[in-house]
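Morning, everyone. Please have the sequence and the 3D view open while I talk.

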Amino acid sequence: MQANVGAVASTLAQEARAHRDARHDRLFSWVLKGCALLVLACLLGAAGATLWGGRHAFGTFGWHFLVSDTWDPSSDTYGALVPVYGTIATSLIALLIAVPVSFGIALYLSEVAPPWLRTPVASAIELLAGIPSIIYGMWGLFIFAPFFADHIKPWLTNYLGNKPDDGKLSWVAQHVPFVGKLFGSDYPFGASVLTAGMVLAVMIIPFISSVMREVFQTVPSRLKESAYALGSSTWEVVWDIVLPYTRSAVIGGIFLGLGRALGETMAVTFVLGNAMTLSASILDPGASIASTIANQFSEAAGLQKSTLMALAFLLFVVTFIVLLIARWMLRQLAHKEGR
Amino acid sequence: MLTSTKYLSRIGTTAVFAAASLFGMSAHATDITGAGSSFVYPVLSKWSANYAEKTGNKLNYQSVGSGAGVAQIKEGTIDFGATDAPVKAEDLAQYGLGQFPVVVGGIVPVVNIPGITAGQIKLDGATLADIFLGKITMWNDPKIAAMNAGVNLPAKKITVVHRSDGSGTSFNFTNYLSKVSPDWASKVKFGTAVEWPTGVGGKGNEGVSQYVKQINGSIGYVEYAYAVKNKISWVNLKNAAGQVVAPSAEAFAAAAATADWGSAKDFNVIMTNASGAQAWPITATTWVVMYKKPKNAEHTKVAFEFFKWALENGQKDAASLDYVALPDSLVKKIAAYWSTEYKH
């Protein structure tokens, strides 16, 4: 009897505990759900607020807003083509430069560098990531843009562009389509789409390279050692073992950098030249979504303010499309590997 | 507990009074807040520092841009707004606001041409407009050369530098171009930001002066103080009276004195292209915008005292920052405007 009571009591206690645990679990999962939903709410809230703020502009210009390159505050007519193009062009240039360089940095640090060098270089990269963008902007305006105008731009316009200083077209400009247009410029100064792309590249290299370095270190050494044992060169090990193993994380890192490049404001405002004109040349000044907003927000009112809000919404859309493309690429890769 | 709090607060009050008497300040200091134009910010901060020393009343001024300043005064969140473009008569009437100018400054075209020093090049308004329209593209263009006999103008491309942000400086500059060039008036018009036909945009006066200094063969426009500080060569301009004038405090004052204030309601005059023989053609002012029936009577009273003091005693501070105080005739008009329009 006594034993029976004891057993019942302990069962009751167990049940109570199980109940309590279940309740706590539920509570915990609600808290977690709340955290996750908060992010979603912030995102939807921000996107919704910019869309709401920009409704006046979308309503006034309609689809024409996306394809028009006018930006005329005095007659209140606006188009988003120039800033959207500028945002995408500068970010793409930044990626074209930053991805190979970051790949090299990460490889060197994880595979090639002597151990005593790895920590200092890795911390230097992290320091670079911590520099505020206004400092990149000032460096770009005062130091890099003049250097670019004096040393890099003349070479590019003369050897690749369709408007060289001496009037003699180079072989490349004559024979390769588009290149001449891409590098032709009338302006003798350093602020341009290419300059902004290069400054952006310096800014996103730390992000991409530290992600790459982290994931390269996760590759099991037995895989690498087996490959080396079979006589592979370092490059072969990297290309055939390390990269396939870390592919999705590497792409994730690249898109993290791209996300930062798309939204970067201050540095781009300083070196992009802020000209609201569409030009095929990457040596001409342009404008990006973020720089346009930063430049014009303080004095904008009415339709212009609404247009800036609409631009902010477009930046959401552009970033979203970029993420979609990233997802799609990852899925394609997974398919390939599955075959 | 209650008594101890009271006791503490009494100690606190005594301490504050003690501190106030120690520094010779009035115990009834009132902080007034204003926001708007960045053009007027340097001189307002200097005035407010000196005024606080004298009276203990502090002025908080946020240099957020004219548009934002006007928006904030319309919402009634500040005691005064400051704007480089006058507020339209219907807006003033709708919100019960009044406005008056406080200080005058000049905007100068600046150039970077090798071998050309400040004031060596002369331009008239139409030529300046043609350069900013992209119609004149070379420094040795016959139109420029005709005005500058004896100056060695290089066969160099002109790069136009304009403001990338909306600004009162652009407002006054484009307003001048609209007055002197029918082409500009029909194609570009004027405003704090416009659709620039050519060139590169620098953010703020600093951005424009930086680009002009960097780019060989460039022309831009900045506030006079920036041109002096950054040692950039300015251009002399032919004014409405046909005289070639150099930018100077006297020339800005002459423009302020000869602008047509008499006929305008609420001082709604943009004083570019003023008629005086010595007037600098791109002279600008900043208007202070305040409620005619104050929402916060005490603050508004202090604000009035501040501006009265500034208009009467602020000339030296203004001059040290390359602004120009308003001419006496205009100060009298403002005083009359205050007594008829404002109730305080």
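I'll take confidence, then each chain, then the contact between them.

This is a predicted model. Now look at chain B. Its pLDDT averages 85. In chain B, 91% of the residues score at least 70. One stretch needs care. Over residues 1-27 of chain B, pLDDT falls below 50. Leaving aside near neighbours in sequence, that stretch makes six contacts in the model. Where pLDDT is low, predicted coordinates should not be read in detail.

Next, chain A. What is chain A built from? There are 14 helices and two strands. How does its radius of gyration sit against that of a compact globule? Chain A has 27 Å, whereas a compact globule of 339 residues would have one near 20 Å. Along the principal axes, the C-alpha atoms of chain A fill a box of roughly 110 × 65 × 40 Å.

Pick out one helix there. Helix α4 of chain A covers residues 81-112, which is 32 residues. From first C-alpha to last, α4(A) reaches 45 Å. Where is the kink in α4(A)? Go to Ala98(A). The kink there is about 25°.

Start at β1(B), residues 31-36. Strand β2(B), residues 58-62, runs parallel to β1(B), and five bridges join the two. In that pairing, Asp31(B) has Lys58(B) as its bridge partner. What lies with these two strands in the β-α-β unit? Helix α2(B), residues 41-55, does. The unit of β1(B), α2(B) and β2(B) is right-handed.

β1(B) has another parallel partner. Three bridges join β1(B) to β3(B), residues 80-83. Find Gly36(B): it stands opposite Ala82(B) in β3(B).

Last, the contact between the chains. How many residues does each chain give? Chain B gives 30 residues and chain A gives 26. On the chain B side, α3 (66-75), β7 (200-202) and α9 (204-214) each supply at least two residues. Which element of chain B gives the most? That is α3(B), with four residues.

That's my tour. Questions, please.

Note on methods
Residues are numbered from 1 along each chain as its sequence is written. Chains are lettered from A and ligands numbered from 1 in the order in which they are written. This is a predicted model: local features need pLDDT of at least 70, side-chain atom pairs count only at pLDDT 80 or more; totals for chains, interfaces and linings use all residues. The expected span of a helix is 1.5 Å times one less than its number of residues. The bend at a residue is the angle between axes fitted to the seven residues ending there and the seven starting there. pLDDT is the predictor's confidence in each residue, from 0 to 100. Two residues are in contact if their C-beta atoms, placed from the backbone, lie within 7 Å. Two strands pair if DSSP finds at least two bridges between them. A crossover is right-handed if, with the strands pointing away from the viewer, the path from the first strand over the helix to the second runs clockwise. The radius of gyration is taken over C-alpha atoms; the globule rule is 2.2 Å times the number of residues to the power 0.38.
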